[in-house]
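I opened this model today and kept notes as I went. The sequence and structure come first.

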Amino acid sequence: MSRATDNPNSERRDFLKAGAMAAGLTVGPGVLLYGVAYSRAPEEPASPDKRWGMLIDTTKCGDGCNECVTACNTENGLSGKTGPQDSQWIRKVHIRDLQTGFELNLPMLCQHCENPPCVDVCPTGASMKRADGIVLVDRHTCIGCRYCMMACPYKARSFVHEPLTDQNPEVPRGMGCVESCTFCVQRVDRDETPACVEACNAAGHKAMYFGDLKDPESEISQALKIARSTEIRADLGLNTGVRYQGI
Amino acid sequence: MASFRILGVWLRSAALVTGMACLATPAMQAVAGVDLPKLERGKGEQCVEDVDTIRRLHPALLKHQRDDTLRRGIRTTRHSLKKCVECHASEQTGSVAASKQDFCVACHSYAAVKLDCWDCHATKPARKPVRQAGALGGASHPTPLWHGASGVIK
Amino acid sequence: MSQQLCINQGECRTSLFLILLALGGVVVLGTLYAFFTLEHHGHVLTGMSNQIVWGLPHVFAVFLIVAASGALNVASIGSVFGKEVYKRRAPLSGMLALTLLAGGLAVLVLDLGRPDRLIVAMTHYNFKSIFAWNMIFYNGFFAIVGLYLITLMDRKLKSWSKPAGFAAFIWRLILTTATGSIFGFIVARSGYDAALYAPMFIIFSFAYGLAIFMLVQASMYSWNRLSLDAGIERRMKNLLAVFVGASLYFTVVLHLTNLYFAKQWDFERWILLEGGLYPALFWVGQIILGGILPLILLLAPRSGNHRGTGLNILAALLVILGGLAQMYVTIIGVQAFPMPIFPGHEVSSTFYDGVVADYAPGVYEWLLGLGGPAITFVLTVIGVRVFKFLPQDDFHAMETHPQRH
């Protein structure tokens, strides 16, 4: 999946290109490349030469399928409850065009904007964007003011309303801080795809693609090149890292 | 006016008594002999730093690591809190902070330093081992070895 | 004169002072109880949620912060614009500005998810965030108004009061601009995202601050068994009428603009007509009780020698009530309206997309929220007892030269 752009693996690049050409959009990410790719060394910081992004093909998103949500909850230790005070990092949204009656389903998650309003408004800088484009909350400096939740146009963030125990050691979460989708940064850093993408592929929908938007050869870049995709609320000019097809 | 004067006398007496109590407390402890925290020995051969260094500098080391990992995506494990927990989780509770005898709590309650690490971080190691980021080397942590009997660090 | 000093310096009527202090103190205790409970159990005990992230505490907090800068206006008219009658009220005005801000900020801080990390907020600044700037403006306000108060009350520093007053005046304009921009800068929500919020909040602050000042002044005069000069009272009530009228004007412009933009129609229909509690609070609370009725009360011709003190006080109370209603609609109403993630679509999800969010403030929010006014009250009561804040009007001179003011 991920490759340091300053150290290109030409053999793999050719392989990828051939694969992408042959299989087009149906190539599942992650699974195919798993084991071939290598991650950056642990002491190497996230690189600004990459930008992690996601492409969601709403035409393949299953009606009533909740696999991405369940996988996210398991991976990140969310309760899965859906009360008004419970955290939801990814949710299935059903929309119907009021004029035409056209309906579709899509998963909604943090859009990992290039110009994230949550990062702009955060008073302490706890809301932050990593060099590779992943938007995170630094819980060490989050004071729980919730201004980022006021500012996010996608309602992507949740506030932890009660004490938590038994967190996933890789995903610290706690009361009084705001949180949201991290693109499963703990998995991405060891070269796996986010849990939702993996689950979507496993369920056979293959509606979600994850990869490096800055690498023109990456599967996601190739897929974006050949079919129209849109940002949600493109009018805001945020340049989201998550793009949708079929809207 | 009178009520104020009485209030003043009361306040002054209260302050005096409190001050005396504060002065007396350490002395009484010295007489009784202080129980040092009893710490369970970690599972590894030795800590990632020598004991004096880690005792003094573990807050700074952890803080440095936390910023490196979260903000920059650096995933070395030498000073990672997760690795501390893996090595120091108690045999009985499986945690570093579940009971008063567990590693972190034992010392921190003795030193009266409040910890908020555990509001967010897991106090127990992962149930199943996860593949670490960067299989291609980097600083590594001493292999955890099972040592069984717990020793008391004085 | 000597009797006044005696009263003002608190040598007399200690029992009244203690009763007032106890009343405020009881509410503050309730606030602290709510704070510690929430810090332990989390915001799960409140009515706030992932949909309504700012609730009743923020209504009180923002109201008090806005009113704080407005309360300083009396001093500014005196020091900056040289009106003698207002100059004598400058110390009281400055002190009220500080106590109101303290009350408002206390609520904001006590409602944080991690109030224990206040030090983080004071040491880590993201200078792109208007919230971070606000922390600087609020702290600076304490410093500048504090210095201004010293120049007003120390005879040796009197000559500095004009520049200090001017600095405080500029600072309060910036501060309220920044407070309004907390909402104006939010691009995501239909009800915000308008530059008008900055000047509108300044006008609101003039009205709320002056209304509170008039109430406090009236209370101090009545408890000290003095009566306010009729000329001064007339000036202040006319000024309040101007501010209330201007507030109504800005509100009308904001909604007219939105009504002109087709994309805002759904929101306007909801907040003005169909949104249940929110249109009620808007029309009855903000517009009628907080705007039109006070205007009538303030501008109604006084018959003969009748000063209409009661009418003025009622008008000031109504302006405060209307201000709280306005903040409730502005802060909670706008959040309750579904966020336009997919304009033109019917939206549903497990995360309450596309539905109006429910909000019912619980007891902890009331305790937190009321703590703001209570803290302001306690500090003000202590302030007026310890220092000479009662306006020192030269009653004799006024009686002989009524045209001087």
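My entries on three chains follow.

**Ground rules.** I am reading a predicted model, where local features need pLDDT of at least 70, side-chain atom pairs count only at pLDDT 80 or more, and totals for chains, interfaces and linings use all residues. Residues are numbered from 1 along each chain as its sequence is written, chains are lettered from A and ligands numbered from 1 in the order written, and side-chain values use heavy atoms, with hydrogens and water left out.

**Chain A.** I looked up the secondary structure and found seven helices and nine strands. Helices (H or I, at least four residues) and strands (E, at least two) are DSSP runs, numbered from the N terminus. Of the 247 residues of chain A, 64% are buried. Buried means under 20% relative accessible area, exposed over 50%, and partly exposed in between (1.4 Å probe, protein chains only).

**Chain B.** I found five helices and zero strands here. Of the 154 residues in chain B, 25% are buried.

**Helix α2 of chain C.** I checked its length. Helix α2(C) covers residues 14-41, and its end C-alpha atoms lie 40 Å apart. Which elements do the buried residues of α2(C) pack against? I find α6 (90-110), α10 (197-223) and α15 (363-386) of chain C. The buried residues include C:Phe17, C:Leu20, C:Gly24 and C:Val28. An α-helix has 3.6 residues a turn, so residues three or four places apart point the same way. Just after α2(C), C:Gly42 takes a positive phi of about 95 degrees.

**C:His43.** This residue lies in the loop between α2 and α3 (56-71) of chain C. Is C:His43 buried or exposed? I note it as buried, because its relative accessibility is 4%. A polar atom of its side chain lies 2.9 Å from the backbone oxygen of C:Asp111. C:His43 touches residues of chain A too, among them A:Gln85, A:Arg146, A:Phe159 and A:His161. Within chain C, its contacts (heavy atoms within 4.5 Å) include C:Leu38, C:Met48 and C:Leu112.

**C:Leu147.** I placed C:Leu147 in helix α8 (residues 130-153) of chain C. C:Leu147 counts as exposed because its relative accessibility is 54%.

Conventions:
Expected span 1.5 Å × (residues − 1). Polar contact = N/O pair within 3.5 Å; in protein donor to acceptor, adjacent residues only side chain to side chain.
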